[in-house]
Amino acid sequence: MIDPDTRAADWAADADAEEAEESEEMPLSLRLSIADALTLGNATCGFMAVYFTTTGILIPHLTGSAETGMARNSAATAVILMLAAAIFDLFDGIVARKLRSSPMGAELDNLSDLISFGLAPAYFVLVYGMVAVPDGAQQKVSAVAAVAVLLAVVLRLARFSCVTMKDGMFQGMPSPFGALTVVSIVLLELPFVPTLLAIIGVAWLMVSRVEYPKPRGVLAVAMLSWIVGAMGMLAAWAFDAPGGQLLLQTGCALQVVLGAVIPLFATARRVNTFRGNRRESREAREAEAAQVR
């Protein structure tokens with residue numbers, strides 16, 4: 001016969017053991033690392049970019065109370081927030097490699113990138129079509145371009161999770177670079193058709209097989225310097241500083257040129273690699289033929 005007190009003690013011990021196991025296991029999956037905190041900063045910046053685009057540009061336009069200065073400040077703030085999201089995205093990868101990341105790190109990074117570099121720039125394009133384009137048909141076309149940007153980022157992030165690339169390279173234009181290029185195209189205030197075609201071209205580059213180098217070492221420092229400089233240009237433009245408009249146009253043009261030139265260099269490198277491999281194989285065949293003779 002089993003003593004009831006002994007059985008109760010055993011049950012209590014088992015319950016305590018289960019609670020101890022849960023307390024040891026749960027924090028490992030729920031605890032956020034420093035890299036994860038930076039990733040959440042990325043998501044917050046993306047959301048706030050949508051907020052300023054809505055409250056400072058779209059709502060005043062719809063209510064008929066739009067002021068040029070307010071719209072300019074809100075547009076600059078929204079883009080600066082996207083640039084800040086890119087800084088968070090740059091540093092969370094560096095911190096994750098140096099320290100550690102939680103098991104949620106990769107998923108958090110993809111979700112945050114979708115907000116900051118998918119939703120925010122696509123929404124910026126959509127609002128551009130509603131505010132700057134008077135024709136209704138053109139507004140619908142700009143909405144299609146905005147959807148193309150969003151879907152390109154979704155597909156690119158999904159492919160990034162499934163495809164293994166060689167170390168130091170991305171396949172397709174990175175979503176932060178693509179988002180900043182899309183926003184730069186809008187801020188250049190080009191005619192509608194060239195703007196639309198350029199945005200569609202950036203969306204295509206994000207899902208293409210063109211290889212882009214990962215921002216590490218000197219390239220990471222250069223990228224960070226470029227982002228900080230772009231923030232300064234946007235601030236000068238927002239406060240209508242002397243030469244602010246020219247600075248903004250120059251910075252946006254350089255961003256677009258970089259977006260167009262990098263694929264050309266990548267294509268030229270691939271062609272040269274292909275030619276070099278063919279030359280080596282031909283020389284190897286000729287050497288084998290000479291040995292047979």
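**Questions on a predicted helical model**

Colleague: Does glutamate 189 count as buried or exposed?
Modeller: In this predicted model, the relative accessibility of glutamate 189 is 59%. The cut-off is over 50%, so glutamate 189 counts as exposed.

Colleague: Where does glutamate 189 lie in relation to the helices?
Modeller: The backbone at glutamate 189 has a positive phi of about 55°, although this residue is not a glycine. Its place is in the loop between helix 6 (175-187) and helix 7 (192-207).

Colleague: What is the relative accessible area of aspartate 240?
Modeller: Aspartate 240, which is not a glycine either, has a positive phi of about 55°, and it lies in the loop between helix 8 (218-238) and helix 9 (244-292). Aspartate 240 is exposed, because its relative accessible area is 59%.

Colleague: In what order do the elements of the protein run from the N terminus on?
Modeller: The protein has nine helices and two strands. Read from the N terminus on, these elements run α-α-α-α-α-β-α-α-β-α-α.

Colleague: What share of the contacts with a separation of 6 or more is accounted for by residues 24 or more positions apart?
Modeller: Of the 293 residues of the protein, 39% count as buried, while the accessible surface comes to about 16,600 Å², with 67% of that area belonging to carbon and sulfur atoms. Among the contacts with a separation of 6 or more, the share that joins residues 24 or more positions apart is 82%.

Colleague: Which residues does threonine 53 touch, not counting those up to four places away in sequence?
Modeller: Threonine 53 lies in helix 2 (residues 34-63), and at 1% relative accessibility it counts as buried. With residues up to four places away in sequence left aside, threonine 53 touches Leu58, Ala78, Tyr123, Phe124 and Val127.

Colleague: How many aromatic pairs does a search of the whole structure find, and how are the planes of tyrosine 51 and phenylalanine 52 set?
Modeller: The search of the whole structure finds two aromatic pairs. In the pair formed by tyrosine 51 and phenylalanine 52, the separation is 5.3 Å centre to centre and the planes stand at 80°. Tyrosine 51, with a relative accessible area of 41%, is partly exposed, and phenylalanine 52, at 27% relative accessibility, counts as partly exposed as well. An angle over 60 degrees is the criterion here, so this pair is edge-to-face.

Colleague: Why is the pair of phenylalanine 160 and phenylalanine 170 classed as it is?
Modeller: The ring centres of phenylalanine 160 and phenylalanine 170 are 6.0 Å apart, and their planes meet at 55°. Phenylalanine 160 lies in helix 5 (residues 136-162) and phenylalanine 170 in strand 1 (residues 169-171), so the pair ties together parts that are ten residues apart in sequence. Planes count as stacked under 30 degrees and as edge-to-face over 60, so at 55° this pair is tilted.

Colleague: Which elements give two or more residues to the lining of the largest cavity?
Modeller: There is one cavity of 30 Å³ or more, and about 160 Å³ of space lies in the largest cavity. Of the 14 residues that line it, Ser184, Ala230, Leu234, Gly251 and Cys252 are the closest to its centre. The elements that each give two or more residues are helix 3 (68-98), helix 6, helix 8 and helix 9.

Colleague: How many charged residues are in the lining of the largest pocket?
Modeller: The lining of the largest cavity has eleven nonpolar, three polar and no charged residues. The largest pocket has a volume of about 1,100 Å³, and of its 43 lining residues the closest to the centre are Asp89, Phe170, Pro174, Lys214 and Pro215. In the lining of this pocket, 24 residues are nonpolar and eight are polar, and the number of charged residues is eleven.

Colleague: Which element supplies the largest share of the lining of the largest pocket?
Modeller: Several elements each supply at least two residues of this lining, including helix 2, helix 4 (105-131), helix 5 and strand 2 (211-213). The largest share, eight residues, comes from helix 3.

Notes. Residues are numbered from 1 along each chain as its sequence is written. This is a predicted model: local features need pLDDT of at least 70, side-chain atom pairs count only at pLDDT 80 or more; totals for chains, interfaces and linings use all residues. Side-chain values use heavy atoms; hydrogens and water are left out. Rings of Phe, Tyr and Trp (its six-membered ring) pair if their centres lie within 6.5 Å; planes under 30 degrees apart count as stacked, over 60 as edge-to-face and the rest as tilted. Buried means under 20% relative accessible area, exposed over 50%, partly exposed in between (1.4 Å probe, protein chains only). Helices (H or I, at least four residues) and strands (E, at least two) are DSSP runs, numbered from the N terminus. On a 1 Å grid over the protein atoms alone, a cavity is a set of points where a 1.4 Å probe fits but cannot get out, and a pocket is an open set with protein on both sides within 12 Å along at least five of seven lines; lining residues have an atom within 4 Å of a point. Grid points are joined across faces, edges and corners, and a volume is the space filled by probe spheres set on the points. Ala, Val, Leu, Ile, Met, Phe, Trp, Tyr, Cys and Pro count as nonpolar, Asp, Glu, Lys and Arg as charged, and the others, Gly among them, as polar. Contact means heavy atoms within 4.5 Å. Accessible areas come from the Shrake-Rupley method with a 1.4 Å probe; for residues, only the protein chains shown count as cover.
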